[in-house]
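Q: I would like to learn how to read the features of a model, one at a time. Where do we start?

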Amino acid sequence: MKYSAFFISILIFLTPLNTYAQDCYDAYSSADDAYTYARRGYNSDNLDDLQYYARKAKNSAEEAMSAAEDCYCDDAYSSADDAYTYAKRAYRETDFDSAQYQIRRAKNAADEAMSNADDCGT
């Protein structure tokens, strides 16, 4: 009986940690999506396609920000916020070369967000 209570208390204690780890996995996954979309945008050969992928990268970066906030991973949040900002700039840009520059920055920031989320415990 003593052992059952002990194991139950351990399980209750570890449940929130598992929840945070899952949230950091979600931050990693969303940052990975942002990276993939930014890479596709960077490899696009016209502004319309680049902007399409920039919008998708922006939305995924925003999801990564939310998940990073949920698991208290400040570094992943900051990098995802950078990816969001750069993808948003790429989406609004009217010059292809300038948009490509911004989407490359979004790709790099999303990659950094993935690394930071991994460090926080995916």
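Q: How many residues does the largest nonpolar core have, and which of those have the most contacts inside it?
A: A nonpolar core is read as a set of buried nonpolar residues joined through side-chain atoms. This is a predicted model, and its largest nonpolar core has 22 residues. Ile103 and Ala106 are those with the most contacts inside the core.

Q: Which elements give two or more residues to this core?
A: They are helix H1 (2-42), helix H2 (47-70), H3 and H4. The largest share comes from H4, with seven residues.

Q: How many helices and how many strands are there in the protein?
A: There are four helices and zero strands. Read from the N terminus on, the elements run α-α-α-α.

Q: What percentage of the residues in the protein is buried?
A: A residue is called buried when its relative accessible area is under 20%. Of the 122 residues in the protein, 34% are buried.

Q: Is Lys58 buried or exposed?
A: Lys58 is in helix H2. Its relative accessibility is 15%, so Lys58 counts as buried.

Q: How far apart are Lys58 and Ala34, in sequence and in space?
A: Separation along the chain and separation in space are read side by side. Lys58 and Ala34 are 24 residues apart in sequence, while their C-alpha to C-alpha distance is 6.9 Å.

Q: Which residues form the negative surface patch?
A: A charged patch joins like charges within 9 Å, and its members have over 30% relative accessible area and no salt bridge. Here the negative patch consists of Asp74, Asp75, Asp82, Asp111, Glu112, Asp118 and Asp119.

Q: Which helices each supply at least two residues of that patch?
A: Helix H3 (74-92) and helix H4 (96-119) each do. H4 gives the most, with four residues.

Q: Why does Asp111 count as partly exposed?
A: Partly exposed is the class in between buried, under 20%, and exposed, over 50%. Asp111, which is in helix H4, counts as partly exposed because its relative accessibility is 39%.

Q: Where does Tyr72 lie, and is Tyr72 buried or exposed?
A: Tyr72 lies in the loop between H2 and H3. With a relative accessibility of 60%, Tyr72 counts as exposed.

Terms used
Residues numbered from 1 in each chain as written. Predicted model: local features only at pLDDT ≥ 70, side-chain atom pairs only at ≥ 80, totals over all residues. Heavy atoms only, no water. Patch = residues over 30% accessible without salt bridge, like charges linked within 9 Å, V, L, I, M, F, W, Y side chains within 5 Å. Areas by Shrake-Rupley, 256 points an atom, 1.4 Å probe, with all protein chains shown as cover. Salt bridge = Lys/Arg side-chain N within 4 Å of Asp/Glu carboxyl O. Lys, Arg positive; Asp, Glu negative; His and termini not counted. Charge placed at Lys NZ, Arg CZ, Asp CG, Glu CD. Buried < 20%, exposed > 50% of the residue type's maximum accessible area, 1.4 Å probe, protein only. Core = buried A, V, L, I, M, F, W, Y, C linked by side-chain atoms within 4.5 Å.
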